[in-house]
Amino acid sequence: MLAAAYINVCRHSNTHRALLKCFTVSKCARNFSITRNFDPSIREFVSRLAQKQPSFKVASKDVHVLSQPSEFYENLLVSILESTLREIFQRVDARISSVVHGGGFFLSSLYIGFSETELINALDDALRRNPGLHLYLNLDYNRSTRPGPSSPILSLLPLLRNHEHRVHISLFRSPKLSATMTKIVPPRFNEGWGTWHAKIYGSDDEVMISGANLNKAYFSNRQDRYLHFTAQPALADYCFSFLQTISGFSYRVLATSDGPALHWEDTSILPWQIQSKAERLLSEFQMKHLLSSASSTSSEEQANSSDVVIFPVIQAGQFNIREEEHTLSMLFDHFASREYCPKQQPVMNLTSGYFGLSKQYQDLILKSNVGCSIIAASPKANGFYGSGGLSGLIPEGYTLLEKRFMSAVRAASRLSSNVPDYHNISLKEWERDGWTYHAKGIWLSPSIDSLPVLTLFGSTNLNSRSANLDTELSFVMATSSDDLRQKLQEEIQGLHRWAVPWRGGERKVRWRTKAIVALVGGML
């Protein structure tokens, strides 16, 4: 799929043809090196995925599964401090970072909250202490430029003014909203046409992948997932390069005496006409890293110590980049091609804070032979609960989507009694007093009694919006490490601690909510 798209873009390039030939010759040996130690239930799938997506081999000791918002925030602040110290030592040693030239830190989020003064001050202090340090921010255009005195972009002005040439802020604008619609659709509602949604936080050799944004709630009482990878310069380089690619078709923020100014650098195209450029650049980017993965070599000792493999997958439906969809289709095709003994079938755990599976994902689950235990946010744990205006109807809208899903489960004779089993489907809702729920992802276990061997994590909510409107970066991680598998199991258990049987069937959905979902359901 990726190779085909890339060949279509670069079909006349002799260099790329030579690279693809090299990739074909080397992929068999690479697949054996990657997959030989994994559980038989996923070995063939991982081998096939290694032919389609870039991959990074990692030692499980360098993978840290965090469970609490406070841990995420503490790690973020520590990473900023460590990047500062690292840059000092690099200058002492007369060395330069291989990832961010001169040393640096990169943050990718939907937005940074206006009141996050501690985080902004930490970044400002790091830049003041180290003249060689650079900061790179990738944020969403519409979410970050909401009008008013608490507009998120205003909180970034001190960084721009104090460190003009070392703070690089890119705002991604979804091209789904045309120039005409931009004049019609009011602020906040314009975010319904798609956002920049990737959540990546890193420096020269470490990265945190999450679904959490940079806002107080995400640091305190908004539950998400957080995976921290240390001593991983190749993975950090990939993430930074991905963000730089996105910056190539984003607005640049400049500081003026009148406030922030937005500059569109590519005068050859308009901001709402970037589809072709974005598709080409992202396809080229992924193929470059796929070929790099194929050509990388490691010693037998390194191969044995790398008991984890990570595959980044980009989902950007508006640019015809649908790697997440292809990956999950491959996974379910893999299940369908195998025969399983009773009670030895794979079991999937799935969660989304905004549960409304796309039609494709719903069909994959309902038609599969895999049991699936699902956690969604209860209405009170939905981030829009209690909001004013139309957004206050969003939790009720998700209840409607859940009702429809459960009707489809019932029609497919897959309904479970909220107890995970080897074939049926259960739905629970997460609710914790004073908390909201934002976690998302998939965990796969070879059987109901075994630990997970694979997980999907990152920014995707696995719904129609993620598939078609938002720009997402997620990761598939497979492991043979018993210790890491246990940590993934504990992550599942931690989420299930606050999950209760789904009660949506008892809730009434008002007619106006049904009407709104009929109009904009794909935006939820």
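**Exercises on a pocket and salt bridges**

The largest pocket is lined by 46 residues, among which Arg146, Glu191, Phe384, Ser391 and Ile394 lie nearest its centre. The model is predicted, local features need pLDDT of at least 70, side-chain atom pairs count only at pLDDT 80 or more, and totals for chains, interfaces and linings use all residues. Residues are numbered from 1 along each chain as its sequence is written, and side-chain values use heavy atoms, with hydrogens and water left out.

**Exercise 1.** Determine where Asp125 and Arg129 lie and how they pair.

Step 1: both residues belong to helix α5 (residues 117–129), where they are four residues apart, about one turn; helices here are DSSP runs (H or I, at least four residues) and strands likewise (E, at least two), numbered from the N terminus.
Step 2: an α-helix has 3.6 residues a turn, so residues three or four places apart point the same way.
Step 3: Asp125 and Arg129 form a salt bridge, with the closest N and O atoms 2.8 Å apart; the term requires a side-chain nitrogen of Lys or Arg within 4 Å of a carboxyl oxygen of Asp or Glu.

**Exercise 2.** Work out which parts the salt bridge between Arg503 and Glu429 ties together.

Step 1: the closest N and O atoms of Arg503 and Glu429 are 2.8 Å apart.
Step 2: Arg503 lies in the loop between β21 (499–501) and α18, and Glu429 in strand β16 (residues 425–430), so the pair ties together parts 74 residues apart in sequence.
Step 3: salt bridges that share partners join Glu429, Glu431, Arg503 and Arg507 into one network.

Methods. On a 1 Å grid over the protein atoms alone, a cavity is a set of points where a 1.4 Å probe fits but cannot get out, and a pocket is an open set with protein on both sides within 12 Å along at least five of seven lines; lining residues have an atom within 4 Å of a point.
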